[in-house]
Amino acid sequence: MSKFSRIEVTMKLKDSGIVPVFYHADVEICKQVLKACYDGGARVFEFTNRGDFAHETFATLTKYARVELPEMAMGVGSVLDAGTTSLYLQLGADFIVSPILNEDVAKVCNRRKVLWSPGCGSLTEISKAEELGAEVVKIFPGQQVGGPDFVKAVKGPCPWSSIMPTGGVEPTRENLSAWFKAGVHCVGMGSQLISKDMIANGNYQALRDKVIEARAIIDEIRAV
């Protein structure tokens, strides 16, 4: 079962500011990436359900995190249906992220009091997700949906909405400033944060440093 409650995960998302998003078939590479993000200050991590036997990799990774990285909340992304949700919850997922809005996924997560963040592309979908119990709503693909201007527009009539964009987020001062000034709860970052070159060269120190830098930028923006 999950280690952290949905309220704890919600707070970790906000405190960390960034959610590293990553998939690799090699669990040892995943461990190195996970540790680098943890050492950089990230306390949430989204492993994407995209390859064959991805659930087996996640199970091993979660067991590793619970021993070596005890404050890391382990989530799973690219979840489309209730069956896949149940599988990953059984393997210890602390939160579920989906590119779509699926009521059956909401029911499974709510039954276990696990945070569920569905992908939305309109204010109507965001409102529907919140009715279904989503504490933090994902907008996806973030840039194509409308970028920071979309978030700002949503927060006007619905200032209570907690939004996490994924897609179009970069670990630069200019990009992060635009998103956080628009009012996001946190941001998800994949290849812009964890580049193919880092993985190919095993340069996990560079990843750690990039996470540290991105979190420092976010802290500065929030402090203004």
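This note comments, point by point, on the predicted model shown above.

1. Basis of the model. The model is predicted: local features need pLDDT of at least 70, side-chain atom pairs count only at pLDDT 80 or more, and totals for chains, interfaces and linings use all residues. Residues are numbered from 1 along each chain as its sequence is written, and side-chain values use heavy atoms, with hydrogens and water left out.

2. Overall dimensions. Along the principal axes, the C-alpha atoms fill a box of roughly 45 × 40 × 25 Å.

3. Composition of the fold. The chain contains 11 helices and nine strands; helices (H or I, at least four residues) and strands (E, at least two) are DSSP runs, numbered from the N terminus. Buried residues make up 52% of the chain, where buried means under 20% relative accessible area, exposed over 50%, and partly exposed in between (1.4 Å probe, protein chains only). Of the contacts between residues at least 6 apart in sequence, 62% join residues at least 24 apart; contact means heavy atoms within 4.5 Å.

4. The open sheet. Three strands form an open sheet with parallel pairing, in the order β6-β7-β8. The edge strands, β6 (119-120) and β8 (163-165), each pair on one side only. Two strands pair if DSSP finds at least two bridges between them; β7 and β8 are joined by three. Val-137 stands opposite Ile-163 in β8.

5. The largest pocket. Its volume is about 520 Å³. Of its 24 lining residues, Val-21, Arg-50, Met-189, Gly-190 and Ser-191 are the closest to its centre. At least two lining residues come from each of β1 (18-22), β2 (44-48), β9 (187-189) and α10 (196-201). The lining divides into nine nonpolar, 11 polar and four charged residues. Ala, Val, Leu, Ile, Met, Phe, Trp, Tyr, Cys and Pro count as nonpolar, Asp, Glu, Lys and Arg as charged, and the others, Gly among them, as polar.

6. Pocket criteria. On a 1 Å grid over the protein atoms alone, a pocket is an open set of points where a 1.4 Å probe fits, with protein on both sides within 12 Å along at least five of seven lines; lining residues have an atom within 4 Å of a point. Grid points are joined across faces, edges and corners, and the volume is the space filled by probe spheres set on the points.

7. A cis peptide bond, with omega of about -15°, joins Phe-140 and Pro-141; Pro-141 is in the loop between β7 (137-139) and α7 (142-145). Phe-53, a residue other than glycine, has a positive phi near 60°. Phe-53 lies in the loop between β2 and α3 (54-68) and counts as exposed because its relative accessibility is 57%. Ser-78, also not a glycine, has a positive phi of about 60°. Ser-78 is in the loop between β3 (73-77) and α4 (82-90), and is buried, with a relative accessible area of 18%.

8. Ala-65. This residue is in helix α3 and is buried, with a relative accessible area of 1%. Leaving aside neighbours within four places in sequence, Ala-65 is in contact with Leu-34, Pro-70 and Met-74.
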